[in-house]
Amino acid sequence: HNIRNMCVIAHVDHGKSTLTDSLVAAAGIIATEAAGDTRLTDTRADEQERCITIKSTGISLYYQMADEKLKDFKGEKDGNDFLINLIDSPGHVDFSSEVTAALR
């Protein structure tokens, strides 16, 4: 019940990889200070060099939420542990087929 699937979709240069880095940092995988600069899901050398996402990349994140943060949560859940399957997708129109494939 506590599995969530998410895909970050937006136009080019609107912060998709930065948002993904921030969520990865919140899960404790990278330092909070590095979020936004790490571009963890841009795994290809050309993505790092050009600072754009070309291939959709998925990552699974584990979160343990405090009771106080879930007190107003109305959805279905089983405990306070959550698995987030997150996909960072490209924003450039030339790579729109990547976004479509990631969502399937």
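In which sense do strand 2 and strand 3 pair, and over how many bridges?

1. Basis of the note. The model is predicted: local features need pLDDT of at least 70, side-chain atom pairs count only at pLDDT 80 or more, and totals for chains, interfaces and linings use all residues. Residues are numbered from 1 along each chain as its sequence is written, and side-chain values use heavy atoms, with hydrogens and water left out.

2. Overall layout. The protein chain contains three helices and three strands, arranged from the N terminus as β-α-α-β-β-α. Helices (H or I, at least four residues) and strands (E, at least two) are DSSP runs, numbered from the N terminus. Along the principal axes, the C-alpha atoms occupy a box of roughly 40 × 30 × 20 Å. Of the 104 residues in the protein chain, 32% are buried; buried means under 20% relative accessible area, exposed over 50%, and partly exposed in between (1.4 Å probe, protein chains only). Among contacts (heavy atoms within 4.5 Å) between residues at least 6 apart in sequence, 57% join residues at least 24 apart.

3. The three strands make up an open sheet with mixed pairing, in the order 1-3-2. Strand 1 (3–8) and strand 2 (57–64) are the edge strands, each pairing on one side only. On average, neighbouring strands of this sheet are turned by 20 degrees against each other, direction ignored. Two strands pair if DSSP finds at least two bridges between them.

4. Strands 2 and 3. The opening question is answered here: strand 2 and strand 3 (residues 81–88) pair in the antiparallel sense, over eight bridges. Gly58 stands opposite Ile87 in strand 3, while Tyr62 has Leu83 as its bridge partner in that strand. The covered face of strand 2 consists of Thr57, Ile59, Leu61 and Tyr63, and the uncovered face of Gly58, Ser60, Tyr62 and Gln64.

5. Helix 1 over the sheet. Helix 1 (residues 16–26) lies across strand 1, strand 2 and strand 3, and runs at about 35 degrees to strand 2. Axes are lines fitted to C-alpha atoms, for helices over the stretch in contact, and angles run from 0 to 180 degrees between N-to-C directions.

6. Lys16. Lys16 is found in helix 1. Lys16 is buried yet has no salt bridge, and the nearest side chain of opposite charge, Asp88, is 6.1 Å away. The Lys16 side chain does reach the backbone oxygen of His11, at 2.9 Å. Leaving aside residues up to four places away in sequence, Lys16 touches several residues, among them Val8, Ile9, Ser89 and Pro90.

7. Salt bridges. Two salt bridges are found in the whole structure, a salt bridge being a side-chain nitrogen of Lys or Arg within 4 Å of a carboxyl oxygen of Asp or Glu. One joins the side chains of Asp42 and Arg39 (2.4 Å, N to O), and both Asp42 and Arg39 are buried. Asp46 forms a salt bridge with Arg44, with the closest N and O atoms 2.6 Å apart. Asp46 is partly exposed at a relative accessible area of 25%, and Arg44 is partly exposed at 31%.

8. Ala45. Ala45 has its place in helix 2 (residues 45–50). With a relative accessible area of 54%, Ala45 is exposed. Ala45 and Arg4 lie 41 residues apart in sequence and 29 Å apart in space, C-alpha to C-alpha.

How values were computed
Lys, Arg positive; Asp, Glu negative; His and termini not counted. Polar contact = N/O pair within 3.5 Å; in protein donor to acceptor, adjacent residues only side chain to side chain.
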